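Please read it alongside the sequence and the structure shown here.

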Amino acid sequence: MSVLTRDEAQTRAQLLDVHHYAIDLDLTRGDETFDSRTVIRFTVRAETGTTDTFVEVKPAELRSVTLDGQPLDPDTLDENRLPLKNLAPGEHELRVDAAMRYSRTGEGMHRFTDPADDETYVYTQLFMDDVQRVFAAFDQPDLKAVFDLTVTAPEGWTVLANGITEHTGDGRWKAATTPLISTYLVAVAAGPWHSVRTEHRGLPFGIHCRRSLAPHLDADTDEILDVTRACFDRYHEKFTEPYPFDSYDQAFVPEFNAGAMENPGLVTFRDEFVFRSAVTDTERQTRAMVIAHEMAHMWFGDLVTLKWWDDIWLNESFAEYMGYQTCAEATRFTGTWTDFGVTRKPWGYDADQRPSTHPVAPENVDDTASALLNFDGISYAKGASALRQLVTWLGEKDFLAGINTHFDRHKFANATLADFIDSLASATERDVHAWADAWLRTTGVDTLTPHLTGDNGDRALTVGRDGTRPHRIAVGLYDRDLTDEGRLTLRERVDLDVPQSEPRPIGKLPALIVLNDGDLSYAKIRFDTESFKALREGLSGLPDPLTRAVVWNALRDAVRDGDLPAGAYLDTARTHLPHETDLALVSGVLAFAAAQVADRYLTPEQRPAALATLSDLCRDLIRRTEDGDHPGLRLIAVRHYIDAAAHPDTIAAWLADGTVPGGPELDPELRWRILTRLAVLGAVDEPAIAAELERDPSATGQEGAARCRAALPDAEAKSRAWEAMFTTDDLSNYLFTATARGFWQPEQADLVAGYVPRYYAEAVAVAARRGPAIAEAAGRWAFPVHAVDAGTLRLGQECLTDADPIPALRRKLVDQLDDLARALRVRDSQTG
């Protein structure tokens with residue numbers, strides 16, 4: 001397939017004005033394809049003279065094409081490009097009639113049949129260049145147009161779209177005409193949805209899911225709609241431009257590749273957000289944040305859209321920042337920035353220290369394939385952190401004034417980074433352009449280190465900076481509590497601009513100095529010797545969970561940089577997590593301790609002791625929560641106890657009894673979690689997996705069974721799983737991921753050693769055959785992460801040199817191999 005380059009997009013935007021699409025889809029043509037008929041009205045600008053261009057389409061069969069009533073030869077289609085030649089200036093009409101393939105990888109028009117009740121659902125995900133899988137289009141974000149959509153659907157289905165839909169009879173549905181939007185934002189979701197509808201501020205609101213999830217959606221309807229209304233109202237307080245579309249539907253759809261997608265008027269979410277098993281309040285908070293994030297896109301992304309994909313951060317960073325901030329302001333989830341600090345920021349820090357790093361606002365996004373790679377921790381977490389620092393430096397009043405100017409100047413149009421910075425600059429006397437150059441055009445993570453001078457009663461603080469960005473930070477000065485030596489009390493929080501013009505007097509020596517207290521900037525921090533000692537003793541006694549998040553991130557960075565032994569991190573977790581109250585912190589620290597420290601940074605010989613430590617820690621948390629007052633904390637502890645189990649007896653007894661003693665009862669998620677661990681340990685067999693699948697025949701059950709079967713310590717089971725992933729091409733995106741997550745297990749290193757050298761060539765081949773979504777899954781989940789040795793690294797480097805993987809897989813391999821090299825360095829630092 002030919003990918004669109006920035007130069008081609010700029011040329012086509014100079015030639016054309018695209019006015020209107022009339023799209024007619026027929027979803028009644030069978031299981032493999034649907035019919036797509038498109039009429040595009042566009043103008044060739046007079047000053048261009050006669051010109052050539054092209055329209056994109058990826059059909060199963062291109063039946064006919066007419067331009068201004070004259071037939072074009074369908075055989076001129078070259079991959080995904082249909083040439084349009086000798087176009088005279090003026091208005092034109094292009095008609096395209098095609099059969100299009102349904103997808104099972106979450107791209108284009110995804111088709112899913114629910115194993116729970118055999119009902120079928122389809123939905124679109126048209127991001128980047130997948131609109132071409134559904135209808136013919138001039139597919140670039142700056143050729144906005146008005147869309148009219150009609151859909152023929154099977155009897156009993158409901159069709160959702162960007163605007164209000166009307167059933168006109170005989171399975172025909174018509175959607176209201178859209179305002180000007182980009183092609184990638186067109187959306188359709190069709191099937192026998194379970195829907196809850198209401199109104200807010202005179203607009204129709206709806207939430208939708210497949211029928212088998214109806215009881216679970218109904219149980220959370222009030223919470224979802226309360227969050228939706230609260231965020232909607234808060235955005236109308238922040239933004240002078242009103243919500244720009246005619247309705248607001250949120251559809252929870254199966255096998256969705258992203259967390260959600262901001263289609264105007266019809267946001268699609270992965271339907272794991274319809275919780276069918278017990279979840280923690282932090283997981284509910286995450287759902288609320290995603291709702292807020294996608295709603296922010298209605299203004300930043302949909303109303304005002306990037307001109308080209310080099311400005312994708314303008315969409316994602318803004319929505320990420322607004323999602324966390326608005327949740328904290330408008331909902332009961334006031335601790336969102338702690339969760340951001342412990343889960344999202346590390347994603348940004350890690351991405352920014354790899355060879356694949358790029359500026360928040362890169363200048364070299366040459367084509368759509370390159371652009372797709374930038375949907376990463378930099379465009380989301382680092383960009384949001386940069387905006388939070390900008391608000392700290394600029395002030396929220398001026399920031400919002402600049403944002404509202406931006407909406408007013410560019411609504412229903414497209415804008416660039418330069419436009420955005422100019423809008424901000426119009427609201428302040430500060431040099432926003434210099435700030436943008438320092439923060440948005442550079443790569444890497446600055447490191448801040450405290451330096452103390454003077455005598456004990458007359459100390460002064462200077463913050464050293466390894467890096468180039470200016471930072472406005474708070475510095476927390478903490479003393480030991482005289483009544484409780486395990487606690488640290490805040491003496492003072494001082495504001496500093498880094499670099500400093502002169503040292504900052506702080507009086508007597510504090511027990512602990514925390515740079516970037518409050519987490520308002522983006523930087524790694526270090527501790528002086530006395531502060532580190534105080535932390536080892538009193539981390540859990542710090543009063544603010546956001547401060548504790550900053551500290552845990554600093555310890556995490558120190559482990560990754562080889563400055564803190566991995567075992568010391570584990571010991572710190574063992575000491576302080578039993579006293580932690582914030583669920584996001586407990587979950588985040590345990591996740592790093594298990595997946596990175598125990599599984600990768602410690603040697604195989606050290607791993608059993610690490611698992612024993614994690615088991616003891618979780619057992620302490622389970623004992624602490626026996627009173628039933630902390631169900632979320634107990635659930636986290638139970639999950640991680642299962643994952644760390646080195647022997648099957650306890651968790652097998654839980655499965656047999658259907659409950660953890662003292663609770664919780666085992667819901668489907670916990671049952672599959674236990675079964676997966678028992679499979680890894682060789683304590684379960686295929687009949688037991690089949691019996692559990694019969695008990696839970698849902699889509700999630702199918703994924704659980706695939707994961708368990710791939711995890712069995714049996715050569716035949718491994719061979720079947722490998723063939724399913726890399727040979728037959730039958731697995732959907734979710735079943736591929738589930739199989740991959742079961743396949744590689746540290747306990748089974750010898751059994752799967754022969755698959756490590758096979759991985760690279762076969763991953764390259766499956767990615768080439770099945771495209772970016774499977775490439776992403778193959779690079780992320782099917783990579784042999786536990787084979788931490790120089791041979792794995794060498795094989796991967798040879799693959800990058802010799803095998804030419806598609807861009808999506810190449811990026812994942814570059815990142816995985818850098819993480820592997822880091823793990824080897826961490827191990828060396830502990831034995832050197």
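## Salt bridges

The side chains of R639 and E283 meet in a salt bridge, with 3.2 Å from N to O; a salt bridge is taken here as a side-chain nitrogen of Lys or Arg within 4 Å of a carboxyl oxygen of Asp or Glu. This pair links distant parts of the chain, since R639 belongs to helix α16 (residues 631-644) and E283 to helix α3, 356 residues apart. Helices (H or I, at least four residues) and strands (E, at least two) are DSSP runs, numbered from the N terminus.

The model is predicted, so local features need pLDDT of at least 70 and side-chain atom pairs count only at pLDDT 80 or more, whereas totals for chains, interfaces and linings use all residues. Residues are numbered from 1 along each chain as its sequence is written, and side-chain values use heavy atoms, with hydrogens and water left out.

In total the structure holds 70 salt bridges, and three of them are set out below with the accessibility of each partner, where buried means under 20% relative accessible area, exposed over 50%, and partly exposed in between (1.4 Å probe, protein chains only).

| Pair | N to O distance | Relative accessibility of each partner |
|---|---|---|
| R639 and E283 | 3.2 Å | R639 10%, buried; E283 27%, partly exposed |
| D97 and R37 | 3.7 Å | D97 16%, buried; R37 36%, partly exposed |
| E692 and R695 | 3.9 Å | E692 7%, buried; R695 56%, exposed |

D97 forms its salt bridge with R37, and because D97 lies in strand β7 and R37 in strand β2, the pair ties together parts that are 60 residues apart in sequence. E692 and R695, by contrast, are three residues apart in helix α19 (residues 686-695), and so are separated by about one helical turn. Elsewhere, salt bridges that share partners join D220, E223, D281, R284, R287 and R332 into one network.

## Strand pairing

Two strands are said to pair if DSSP finds at least two bridges between them. Strand β2 (residues 33-44) and strand β7 (residues 90-101) pair in the antiparallel sense over 12 bridges, with R41 standing opposite E93 in β7. Strand β4 (residues 61-67) also runs antiparallel to β7, to which six bridges join it, and the bridge partner of E61 in β7 is A99.

## Buried positions

L303 lies in the loop between α3 (281-297) and β20 (304-306), and L303 counts as buried because its relative accessibility is 0%. Leaving aside residues up to four places away in sequence, L303 touches several residues, among them K144, E241, F245, H297 and F412, contact meaning heavy atoms within 4.5 Å. The C-alpha atoms of L303 and R37, which are 266 residues apart along the chain, are separated by 27 Å.

In helix α13 (residues 566-576), the buried residues are A566, A568, Y569, L570, T572, A573 and H576. These buried residues of α13 pack against α11 (529-538), α12 (545-560), α14 (583-601), α15 (607-624) and α27 (807-831).
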